[in-house]
Amino acid sequence: MREKTASRVFDSANFIVLLVCTLICLAPFLHITAISLSSAAPILSGKVSLLPVDFNMEAYTKVFSDSSMIRSLGFTVLLTSLFTVLCMLMTIAIGYPLSKKKLKGRKVFMFIVVITMFFSGGIIPEYILVRNLNLLDSIWALVLPGLINPFYLIILISFFNNIPESLEESAEIDGSSHFRTLLSIMLPLSLPVITTLSLFYAVGRWNGFTDTLMYITSPELYPLQLKLYQLIQNNMITDLLQMEGAQMATVVPESLKAASVIFATVPILIVYPWLQRYFVSGVMLGAVKG
């Protein structure tokens, strides 16, 4: 009885703590959403908290009417998709061979991978490298420098190590090549961790900002995060308000900023429900050696 009572108390306390943490995480998002859906007067008077006051969709109308925002959204989707696909191809291509204990020089290669997690050249050498490769102001400046994440690579290697060697040995006896074994056996079994790592790569690229600020100057190559940065710095407010019929009486810069933040956040949030069933299992299977 004492153990059951203690377990119930622990579960209740755990639920309360998680609920409070969830509400704390949701509060900023709800506040931004409320501002984006409120009229000018309540926003300027500071009456908007977690719920919209005097519901108004004018800010979203102006955001969706701005062709540059739509263009940035399309470019960000293209950039994120290209980056994620190439990252997973490179991570799998390196992770599968390094998971083989009989690979000559495996420890040396693993040391090279791990050392990059603790030491790097820094921002200036990276910028010089990108410039010398003539990648500045191109989509490849946002793709090639971050193709492989050492931590994600180690997770994938650990997952490959957990797959029974007997499966590969059986395929080898049947005459299967390493490439065929990878495609037909290893990748289907690795779907949870591959999906999870793809999500990590995609979210990291979608939220990427520093590299775009350093490497990109052409407006047509502005991702959403750089567009939001300009908006928050009030460099784009005038352009958004100069549309025909725009009036400060119905929309204010704070509402436009909030609507733009939601505009850039919702697309990546939509991806989570589709991949949620792979998320926890993928991380645990790749991180814990059973």
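Student: A helix here is a DSSP run of H or I that is at least four residues long, numbered from the N terminus. In which helix does valine 63 lie?

Tutor: Valine 63 lies in helix H3, and bear in mind throughout that this is a predicted model.

Student: Is valine 63 buried or exposed?

Tutor: With a relative accessible area of 0%, valine 63 is buried, because buried means under 20%.

Student: What does valine 63 touch, leaving out residues up to four places away in sequence?

Tutor: Valine 63 touches Met69, Leu256, Ala259, Ser260 and Phe263 on that count. As for phenylalanine 263, its C-alpha atom is separated by 8.1 Å from that of valine 63, although the two residues are 200 apart along the chain.

Student: Which other residues of H3 are buried?

Tutor: In H3, which spans residues 58–65, Ala59, Tyr60 and Lys62 are buried along with Val63. These residues cover an arc of only 160 degrees around the axis, so they lie on the same side of H3.

Student: Let me zoom out. How many helices and strands are there in the chain?

Tutor: The chain has 14 helices and 0 strands. Of its 290 residues, 37% are buried, and among contacts between residues at least 6 apart in sequence, 72% join residues at least 24 apart.

Student: How many residues does the largest nonpolar core have, and which have the most contacts inside it?

Tutor: The largest nonpolar core has 31 residues, and those with the most contacts inside it are Phe160, Val193 and Leu197. Helices H4 (67–98), H7, H9 (178–189) and H10 each supply at least two residues of this core, with H4 giving the largest share, 7 residues. Apart from this core lies another one of 16 residues, which includes Tyr60, Trp206, Leu224 and Ala259.

Student: And phenylalanine 160, what does it touch beyond four places in sequence?

Tutor: Phenylalanine 160 touches Gly95, Tyr96, Ser99, Met186 and Ser190, once residues up to four places away are set aside.

Student: Switching to aromatics, how many aromatic pairs does a search of the whole structure find?

Tutor: The search finds 8 aromatic pairs. In one of them, the ring centres of tyrosine 127 and tyrosine 215 are 6.1 Å apart and the planes stand at 20 degrees, so this pair is stacked, given that planes under 30 degrees apart count as such. Tyrosine 127 belongs to helix H6 (residues 123–132) and tyrosine 215 to helix H11 (residues 210–215), so that the pair links distant parts of the chain, 88 residues apart.

Student: What about tyrosine 152 and tyrosine 201, stacked or edge-to-face?

Tutor: Tyrosine 152 and tyrosine 201 form an edge-to-face pair, 5.0 Å centre to centre with 90 degrees between the planes. Tyrosine 152 is in helix H7 (residues 150–162) and tyrosine 201 in helix H10 (residues 191–206), a pair 49 residues apart that also links distant parts of the chain.

Student: What sits over the ring of phenylalanine 83?

Tutor: The charged end of arginine 205 sits over the ring of phenylalanine 83, 5.9 Å from its centre.

Student: Which residue meets arginine 205 in a salt bridge?

Tutor: The side chain of aspartate 211 meets that of arginine 205 in a salt bridge, at 2.6 Å from N to O, and the structure holds 1 salt bridge. Aspartate 211 is found in helix H11 and counts as buried at 18% relative accessibility; arginine 205 is buried too. Setting aside residues up to four places away in sequence, aspartate 211 touches Leu142, Arg205 and Ile216.

Student: Last topic, backbone angles: what is phi at aspartate 54 and asparagine 134?

Tutor: Aspartate 54 has a positive phi of about 55 degrees although it is not a glycine, and its place is in the loop between helix H2 (40–44) and H3. Asparagine 134, another residue other than glycine, has a positive phi near 60 degrees, and is found in the loop between H6 and H7. With a relative accessible area of 68%, asparagine 134 is exposed.

Key: Residues are numbered from 1 along each chain as its sequence is written. This is a predicted model: local features need pLDDT of at least 70, side-chain atom pairs count only at pLDDT 80 or more; totals for chains, interfaces and linings use all residues. Side-chain values use heavy atoms; hydrogens and water are left out. Rings of Phe, Tyr and Trp (its six-membered ring) pair if their centres lie within 6.5 Å; planes under 30 degrees apart count as stacked, over 60 as edge-to-face and the rest as tilted. A charge sits over a ring if NZ of Lys or CZ of Arg is within 6 Å of the ring centre and within 35 degrees of the ring normal. Buried means under 20% relative accessible area, exposed over 50%, partly exposed in between (1.4 Å probe, protein chains only). The arc is that of the directions from the helix axis to the C-beta atoms. A nonpolar core is a set of buried Ala, Val, Leu, Ile, Met, Phe, Trp, Tyr and Cys residues joined through side-chain atoms within 4.5 Å. Contact means heavy atoms within 4.5 Å. A salt bridge is a side-chain nitrogen of Lys or Arg within 4 Å of a carboxyl oxygen of Asp or Glu.
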